[in-house]
Amino acid sequence: MNPGQDEQLIGVDLDPKRRPGTPRFRKPERWPNARWPIPQQQGEPSAALHGKVTPVFGTAVPLAGVSGAVRRLAYRISDHRASHWLLLLAGDRGQLWGRRLPMILAVAVPLAAFATIRASSTCRR
Amino acid sequence: MRAVTYDGPYRIKVRKKPDPTIEHPMDGIVKVSAAAICGSDLHLVHGLVPDTRIGATLGHEFVGEVVELGPQVDGIRTGERVAIPFNIFCGACYFCERGLVSSCENTNPATEMACGIYGYSHTMGGYEGGQAQYVRVPFIGVDAEPIPDGVEDLDALSVTDAFATGYQAAEMCAINGGETVVVLGCGPVGLFAMKSAWLLGAGRVIAVDRVAYRLEFARRFANVETLDYRDADLVQMIRDRTEGRGADAVIDAVGLEASGSAAQRALGVYGKMIAGSAEALNTAIHCAMKGGTVVAIGVYGPPWNVIDFGSAMNKHLTIRTGQCSVKRYMPRLFEHIQEGRVDAQSVFTHRLGLEEAPGAYKTFARKKEDCIKVALYPHGTLH
């Protein structure tokens, strides 16, 4: 079979009336089961605010610590500026290193202390 | 419950997390029967999406059973089998009323750019994702699409994102009948874009990739011509096949981790000094004919990309792009599945339990074991 030869398939949606996304903007119509006004969700969004609090928001992994402060700062900058996004990436890296650093220190500090003690006892001899 | 979570760049951890609860009167809770790993999940895992927080549940493609409803939910009942679009939308704002539910104004407090999306960082609203045993679904009465009888879970799962996005991409090509459409990328979205291009009346569909098993899958799944872009200059190969002019429409179904430019990958994908690699988009611009259309539905992010806009401008190109407004497409796509025109579930080459997610992400990312797409079963039911 040559590529594309499948009569059951070709052109089934050629008619624009069968294309769900055509036209791009349809005549305004509320979706079934939608309500207006929308009740306001209680509590605080875990995504830092960029303008208004939306009626519905996510609450996964709230802001915390230094990375949270960096992220909060980022959201005070408009999202059409590169600094907004670069600060958010910095916040991501900050969260990562905030978790890694205690683990690294838990090994590095005893090792450094041991090495220091060894070196000073070697010097005394 | 158990959930697949982000644990830092290139790290996935399946964790115990509290069950979701009703947080808004129009919420529902869905018991997830199947969830998918998307190529765009890899951008999160690779540290490319700003404000991706350690511990957040991943996953924006899922189907399941409604188990709990808030007091102001209409039109849906517990026990119903539903497919959930990856967009979280209210159904009543300016953009929702006009059909662009992916631009809903009422579900993402973090940015103006897009609506809330399940499991796709706090930039997209901070919602827990669907690679979990249970998920909170806001506006469930509006957003959820009942799965028709006879449509299996994995077919419905493809409709929540990959099939809908591929179809929207092909629709954006403005096919009038007989055009040549090139699809860059033989991942799931690209595969559905190829199939959709036929449905919309394309005369010729050419698929491009660099991975042999993906090109072979495209030939079998979508009955297309294929090109390996490592064989020769891709732009010249396309021109040679189109009387020297280029394609009527080119779909970029690759997104921001594109191969092909060492400089873009070094600066963007690894160095994070630009927002990933825009090499696929540049390739699309060069493969399109003058006056043609470029459709970008691979995921890109801010703040900036290195794009050859001068060529696009001088070639009179129409550039169409955007997150898919999935709900609009769901009934039509279910019709195509029920009529046997598209074997949607065949893209799920890997079907695994939730606990296997860390290994599954690696297999998917490294393109091992002929992997096209992964389905996860949070409650352990294997099909």
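This is a predicted model: local features need pLDDT of at least 70, side-chain atom pairs count only at pLDDT 80 or more; totals for chains, interfaces and linings use all residues.
View 1. Strand β10 (residues 180–184) of chain B and β13(B) run parallel and are joined by four bridges. Two strands count as paired if DSSP finds at least two bridges between them. Residues are numbered from 1 along each chain as its sequence is written, while chains are lettered from A and ligands numbered from 1 in the order in which they are written. Local features need pLDDT of at least 70 and side-chain atom pairs count only at pLDDT 80 or more, whereas totals for chains, interfaces and linings use all residues.

**View 2. Strand β13(B) and its surroundings.** Have a look at β13 (residues 247–252) of chain B: six of its six residues are buried, so this strand is largely enclosed by the rest of the structure. Here, buried means that 20 or more other C-beta atoms lie within 10 Å of the residue's own, exposed means 12 or fewer, and partly exposed lies in between, with C-beta atoms placed from the backbone. β13(B) is also joined to strand β14 (residues 288–296) of chain B by five bridges, and the two run parallel. B:Ala247 stands opposite B:Ala288 in β14(B).

**View 3. The open sheet of chain B.** Six strands form an open sheet with parallel pairing, in the order β12-β11-β10-β13-β14-β15 (chain B). Its edge strands, β12 (225–228) and β15 (318–321) of chain B, each pair on one side only. From one strand to the next, the twist averages 20°. Within this sheet, five bridges link β10(B) with the parallel strand β11 (residues 204–209) of chain B, and B:Leu184 has B:Val208 as its bridge partner in β11(B). Helix α7 (residues 212–222) of chain B lies across β11 and β12 of chain B, at about 160° to β11(B). Axes are lines fitted to C-alpha atoms, for helices over the stretch in contact, and angles run from 0 to 180 degrees between N-to-C directions.

View 4. The assignment, which is automatic or from a database, gives chain B domain 1 (2–161 + 325–377) and domain 2 (166–321). Taken over C-alpha atoms, the centres of domain 1 and domain 2 of chain B are 25 Å apart. In chain B, 18 residues of domain 1 are in contact with 17 residues of domain 2, contact meaning C-beta atoms, placed from the backbone, within 7 Å. On the domain 1 side, α1 (39–45) and α12 (326–338) of chain B are the elements that give two or more residues. The largest share, four residues, comes from α1(B).

**View 5. Chain A against chain B.** Chain A has two helices and zero strands. Contacts link 57 residues of chain A with 63 residues of chain B. Both α1 (65–75) and α2 (82–124) of chain A supply at least two residues of the side that touches chain B, and α2(A) gives the most, with ten residues. That side of chain A divides into 32 nonpolar, 14 polar and eleven charged residues. Nonpolar covers Ala, Val, Leu, Ile, Met, Phe, Trp, Tyr, Cys and Pro; charged covers Asp, Glu, Lys and Arg; the others, Gly among them, are polar.

Definitions and conventions. Two residues are in contact if their C-beta atoms, placed from the backbone, lie within 7 Å.
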